[in-house]
Amino acid sequence: MPAESPFLFPVYAQLPLEPVSGAGARIRTADGRELLDFYGGHAVCGLGYGHPAVNACLREVGERLLFQTNAVPNRERAEAAEALAGFAPEGLDRVFFVNSGAEANENALRLAFRAHPGRTTVVAVSGGFHGRTAAAAAVTDGSPKWYHFPALPFDVRRVSRDDPSALAAAVDDSVAAVILEPVQGMAGAVALSDEMLAAARRACDDSGALLVFDEVQCGMGRSGRAFACEWAGVTPDLLTTAKAIAGGYPAGAVLASAELADSLPVGSLGTTFGGGPLAAALVTTVVRVIREERLLERVRRLSERIAEEAVTGPVVRVQGRGFLLGLVCSRPAREVRDALLDRGILSGTSTDPAVLRLLPPLTLGDGDVDALIAALADMGPTP
Ligand SMILES: Cc1ncc(COP(=O)(O)O)c(C=O)c1O
């Protein structure tokens, strides 16, 4: 495929297709193909494309008041904070809106160091991906790949994602925060065990370190619960989310307890665009649609179907939760992705070369799952 444009930084490997419109879980490409989207714009298009509630919100709020600053009160922002806090597990009752996942993590880690002056370390787990800004990249596994600054902003202690005792042992008095994704996205949809999440909670309770769950990818209903930590019954001190939170519009959020948030002095955090009226109104819309259309039930039911029926053709096992699924393949995931694309289905890869990642809209239907399974079966087993 020719380069997209000589005027852009050439920093992305791109797929050979150009989406020009979308409806539901389907996208149409510039060369006239219709594709079933199991990639969801990298987990962003949680309500698919052209959802009537999203369109109505874009028109109503976009035309009336596209943007206003955090320096003035705004009804849409207030409603979105209440909606998101009501959607999140009990105990996460305050919201700070930002623009992206990395910005959410940057602020969560900043809050942890603010709470613990003198502590120097963050504990992170193997396979974790947290973004490309300084603090987020520092806790991302393999971060030297992303990290071009001369020094890390703090010390990072990394433990195996499968080892609750190692995690417990790593959290000493120098640790300000533990950060992990309850279901790792980039790593190939790897759900951490309930024991791992519980061990992190206990270690933080004992040491005073703040527990940060990065639900940028696995949150906002994708796991089949509002937030993935609910599967383990573990509530973090800080939860970050972004991607699908505003149905495709850039937005992110940090959630925290009232106790933590209400202790912050004016001026301790800030952002220009975060929580603008349109982004905020879209967050409220996404929460409302997930509830009204009972999308969590749909995600759980269809996810179970995929886990049972997609072990066919090149797929030997399915991992992950809800609609953050990894199809473990007996041949390179890239080849399976290309073969699916030839059959009209868009999917994603991961940092595990054997794992194909599915991140479809939460609005997916039974017929879409049938199409995926038929396409995989059509490929036949790996010779
Ligand atoms: C779990 C997780 N955290 C953080 C990020 C960074 O989000 P953003 O690209 O919006 O900064 C991502 C992006 O893929 C992610 O998957």
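How many residues of domain 1 are in contact with domain 2, and how many of domain 2 with domain 1? Let me start there, friends, with the reminder that we are looking at a predicted model. The answer is 22 residues of domain 1 against 22 residues of domain 2.

First, where the domains run. In the domain assignment of the protein chain, domain 1 takes in 19-44 + 295-379, while domain 2 covers 53-292. Taken over C-alpha atoms, the centres of domain 1 and domain 2 are 26 Å apart.

Now have a look at the side of domain 1 that touches domain 2. The elements giving two or more residues to that side are helix H1 (40-43), helix H10 (295-309), and strands E13 (315-321), E14 (324-329) and E16 (355-358). H10 provides the largest share, with five residues. Sorted by class, that side of domain 1 holds 10 nonpolar, eight polar and four charged residues.

While we are at helix H1, please find Ala-43, which sits in that helix. Ala-43 is not a glycine, and yet its phi is positive, at about 75°. Is Ala-43 buried or exposed? Ala-43 counts as buried, because it has 26 C-beta neighbours inside 10 Å. Lys-243 is another non-glycine with a positive phi, here about 40°. You will find Lys-243 in the loop between strand E11 (238-241) and strand E12 (252-256). Lys-243 is buried too, since 27 other C-beta atoms lie within 10 Å.

On to the core. The largest nonpolar core has 122 residues, and the members that touch the most others are Leu-84, Ala-177, Val-178, Val-212, Leu-282 and Val-283. Which helix gives the most to this core? That is helix H9, residues 277-292, with 10 residues.

Next, the ligand. It is surrounded by 14 residues, and the closest are Ser-100, Gly-101, Ala-102, Gly-131 and Val-216. Helix H4, residues 101-115, gives the most to this shell, with three residues. By class, the shell around the ligand has five nonpolar, seven polar and two charged residues.

Let me finish with a sheet. Four strands make an open sheet in the order E1-E2-E3-E15, with mixed pairing. Its edge strands are E1 (19-23) and E15 (345-346), each of which pairs on one side only. Strand E3, residues 34-37, runs parallel to E15, and two bridges join them. Within this pair, Asp-37 stands opposite Leu-346 in E15.

Asp-368 belongs to helix H12, residues 366-379. Not counting residues up to four places away in sequence, Asp-368 touches Ala-25 and Leu-36.

How values were computed. Residues numbered from 1 in each chain as written. Predicted model: local features only at pLDDT ≥ 70, side-chain atom pairs only at ≥ 80, totals over all residues. Pairing = 2+ DSSP bridges. Domains from an automatic or database assignment. Contact = placed C-beta atoms within 7 Å. Nonpolar A, V, L, I, M, F, W, Y, C, P; charged D, E, K, R; others polar. Near = placed C-beta within 6 Å. Buried ≥ 20, exposed ≤ 12 C-beta atoms within 10 Å, placed from the backbone. Core = buried A, V, L, I, M, F, W, Y, C linked by C-beta atoms within 7 Å.
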